[in-house]
Structures are given as structure tokens and as C-alpha cells.
Amino acid sequence: MLQIEHLTKTYGEKKAVDDLSLHILPGEIYGFIGHNGAGKTTTLKSVAGILRFDAGEIRIGGTSIRTDPLACKRKLAYIPDNPDLYDYMTGIQYLNFIANIFGVSAADRQVRIRELAERFELTNDLAQPIAAYSHGMKQKLAIISAWLHAPQLVVMDEPFVGLDPKAAHLLKGMMRELCDRGGAIFFSTHVLEVAEKLCDKVAILRAGKLIRSGTMDEVKGDDSLEEVFLELEGETC
Ligand SMILES: Nc1ncnc2c1ncn2[C@@H]1O[C@H](COP(=O)(O)OP(=O)(O)OP(=O)(O)O)[C@@H](O)[C@H]1O
């Protein structure tokens with residue numbers, strides 16, 4: 001579903017991502033962890049096709065994000081860590097705007113918006129301008145908009161930040177549902193307990209380099225993910 005091959009991205013002199021290779025298969029929830037500044041957001045933005053990288057290749061369903069970004073973007077959805085939505089639009093205007101961009105039919109969008117807004121208890125707020133939404137409400141709207149075009153791959157940067165426990169539980173269920181239908185999820189998190197429970201596979205990034213990846217059992221063995229992560233981080237001290 002997602003192939004990252006030898007991805008390298010520098011900002012000036014700073015190598016933010018250094019020769020990163022990762023493969024994510026259909027059906028997998030793949031967690032991406034690492035310290036602040038490790039290069040997670042840079043990687044996720046490169047996968048989403050909103051950041052040019054210096055070297056390497058990224059393919060989504062076999063299609064290169066470099067050579068055919070539009071085809072890739074049709075297959076994926078990206079939720080940034082701090083969704084910057086259009087404050088002057090109402091929630092429903094925003095969802096229709098996104099549905100128009102992705103060419104979602106009137107019938108499909110109606111069903112999906114109704115169902116997802118009900119699930120996230122956002123139905124009564126859709127007529128409000130986004131400027132009046134709390135951080136968590138914006139996060140919910142961003143999640144609904146991401147799911148609108150039935151993406152095959154969902155890429156998320158710290159998706160649980162700002163969500164209340166019920167919404168977080170809902171999102172976890174939606175992630176699993178999407179993977180059960182043959183999709184895949186790639187997301188970053190600092191909440192290692194969530195990663196440990198939710199993810200099929202995990203990758204640990206340190207200073208732009210992949211230092212561990214594999215199934216959750218391969219990566220953590222009999223320890224907790226937190227113990228393994230802290231041990232690996234300690235090796236740099
Ligand atoms: N636009 C930019 N210009 C210059 N340097 C940048 C830019 N964006 C990120 N960086 C640098 O690249 C490195 C990786 O940043 P990135 O945001 O990818 O890390 P992260 O793992 O997502 O961190 P966090 O967990 O804090 O969100 C950091 O050293 C950061 O300072």
C-alpha cells in the first residue's frame with residue numbers, strides 16, 4: 001500500500017530524514033514514534049505529497065508521489081497535527097468543499113456525512129462557522145473530511161491529541177474498520193500505550209534514522225513499548 005524507499009529530506013544543513021525505508025501493507029495499522037524533532041512530521045508530509053524531498057521514492061498503491069501526485073492524493077487522506085481549516089466556512093460547507101475536491105457523489109457524501117457526524121456527535125454543529133469550533137471539534141471535522149472519499153491510506157500526525165475519550169475510541173474503531181476493508185493507516189504518536197494496543201507494526205525514528213521496525217511483538221518482545229523506546233533513546237545519551 002505504501003512504500004517509502006531511501007527517503008531523505010534536508011532543511012538547509014539539517015538532515016531531518018535520513019535514508020528511511022518502510023513498507024506498509026494493506027490491512028496494517030502502522031505506528032510511527034520518535035522523540036520531538038525526530039523527523040516524523042517531515043516523513044508524513046512527504047508521504048502526503050505536500051513536502052518535496054531530496055532523495056528516495058514514495059509509492060502509494062504502486063504509484064509514485066513524485067511523478068503522479070494527483071493519483072496518489074485520490075487514494076490517501078492526510079490529517080495534520082493541527083488541522084488548519086477554513087474558519088469562515090461552516091462545518092457543512094467545509095465537508096462539501098472537500099467532497100467536491102475529491103469528486104464524492106451527492107448520494108455518497110450525504111450518507112457519509114450524516115453517519116460520521118452522528119458518530120462524532122457533531123451533527124448540530126455543522127451549521128456553525130469553524131471559527132466557533134473547539135480544538136477537539138476541529139479535529140473531529142478533519143477526521144470526518146478525511147474519511148469522506150473512502151481513502152485506501154490514511155496518514156495522521158498525532159491524531160488523538162485534543163480528542164475526548166469517546167472520540168478517541170471511535171477513531172480507533174474507524175482505523176481498524178478501514179484496515180479490515182483492505183486499507184492501511186500510518187500515524188505518529190507520542191502516546192506509547194495507544195500505539196502498543198492499536199498498532200500491528202511500529203517504526204521508531206531517531207534523529208531522522210529508522211532504528212527499529214517490525215510487528216509490535218518483534219519490536220517490543222516481552223517488554224512494554226515504552227521500556228523499549230526509552231532504552232533505545234538512552235543509547236544516545
Ligand atoms: N520548515 C522547517 N525548516 C527548518 N527545519 C525544519 C522545518 N521543519 C522541521 N524542521 C526540522 O526538522 C527536524 C524534524 O522535524 P519534524 O517536525 O519532522 O519532527 P517530529 O518528529 O515530527 O517532531 P515532533 O514530535 O516534535 O512533532 C527538526 O530538527 C526540525 O527542527
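Ala, Val, Leu, Ile, Met, Phe, Trp, Tyr, Cys and Pro count as nonpolar, Asp, Glu, Lys and Arg as charged, and the others, Gly among them, as polar. Keep that in mind for the exercises below, which all concern a predicted model.

**Exercise 1. Find out which residues surround the ligand, and sort them by class.**

Solution. 
Step 1: List the shell. Around the ligand you will find Y11, K14, A16, G34, N36, G37, A38, G39, K40, T41 and T42.
Step 2: Sort by class. The shell has 3 nonpolar, 6 polar and 2 charged residues.
Step 3: Look for the elements that contribute. Both β2 (14–24) and α1 (40–48) supply at least two shell residues each. The largest share, 3 residues, comes from α1.

**Exercise 2. Say how confident the predictor is in this model.**

Solution. 
Step 1: Start with the chain. Its mean pLDDT is 93, and 99% of its residues reach 70 or more.
Step 2: Turn to the scores for the model. These are ipTM 0.97 and pTM 0.93.

**Exercise 3. Describe the largest nonpolar core and follow F186 through its contacts.**

Solution. 
Step 1: In soluble globular proteins, nonpolar side chains tend to be buried together.
Step 2: The largest nonpolar core has 66 residues, and I144, V155, I185 and F186 touch the most other members. Helix α5 (residues 135–147) gives this core its largest share, 6 residues.
Step 3: Follow F186. Leaving aside neighbours within four places in sequence, F186 is in contact with L2, I24, Y30, F32, V47, L153 and V155.

**Exercise 4. Work out what the UniProt record marks on this chain, and what that stretch is made of.**

Solution. 
Step 1: Read the record. UniProt, in an unreviewed entry, places the feature "domain: ABC transporter" at residues 2–232.
Step 2: Check the make-up. Over residues 2–232 the chain is 39% helix and 27% strand.
Step 3: Compare the ends. The end C-alpha atoms of this stretch are 26 Å apart.

**Exercise 5. Locate D19 and E158, and decide whether each is buried, partly exposed or exposed.**

Solution. 
Step 1: Recall what to expect of phi. Most residues other than glycine have a negative phi.
Step 2: Look at the two angles. Phi of D19 is positive, near 55°. E158, which is not a glycine, has a positive phi of about 50°.
Step 3: D19 is in strand β2, while E158 lies in the loop between β7 (153–157) and α6 (165–180).
Step 4: Count neighbours. A residue is buried at 20 or more other C-beta atoms within 10 Å, and exposed at 12 or fewer. D19 has 14 such neighbours, so it counts as partly exposed. E158 has 19, so E158 is partly exposed.

**Exercise 6. Explain why L232 is classed as partly exposed, and find what it touches.**

Solution. 
Step 1: L232 is found in helix α9 (residues 225–234).
Step 2: Apply the count. L232 is partly exposed because 17 other C-beta atoms lie within 10 Å.
Step 3: List its contacts. Not counting residues up to four places away in sequence, L232 touches I204, R206, I211 and R212.
Step 4: L232 and R206 are 26 residues apart in sequence and 8.9 Å apart in space, C-alpha to C-alpha.

Technical notes
Residues are numbered from 1 along each chain as its sequence is written. This is a predicted model: local features need pLDDT of at least 70, side-chain atom pairs count only at pLDDT 80 or more; totals for chains, interfaces and linings use all residues. A residue is near a molecule or strand if its C-beta atom, placed from the backbone, lies within 6 Å of it. Helices (H or I, at least four residues) and strands (E, at least two) are DSSP runs, numbered from the N terminus. pLDDT is the predictor's confidence in each residue, from 0 to 100. A nonpolar core is a set of buried Ala, Val, Leu, Ile, Met, Phe, Trp, Tyr and Cys residues joined through C-beta atoms within 7 Å. Two residues are in contact if their C-beta atoms, placed from the backbone, lie within 7 Å. UniProt positions are given in the numbering used here, feature names are shortened, and annotations may be inferred rather than shown by experiment.
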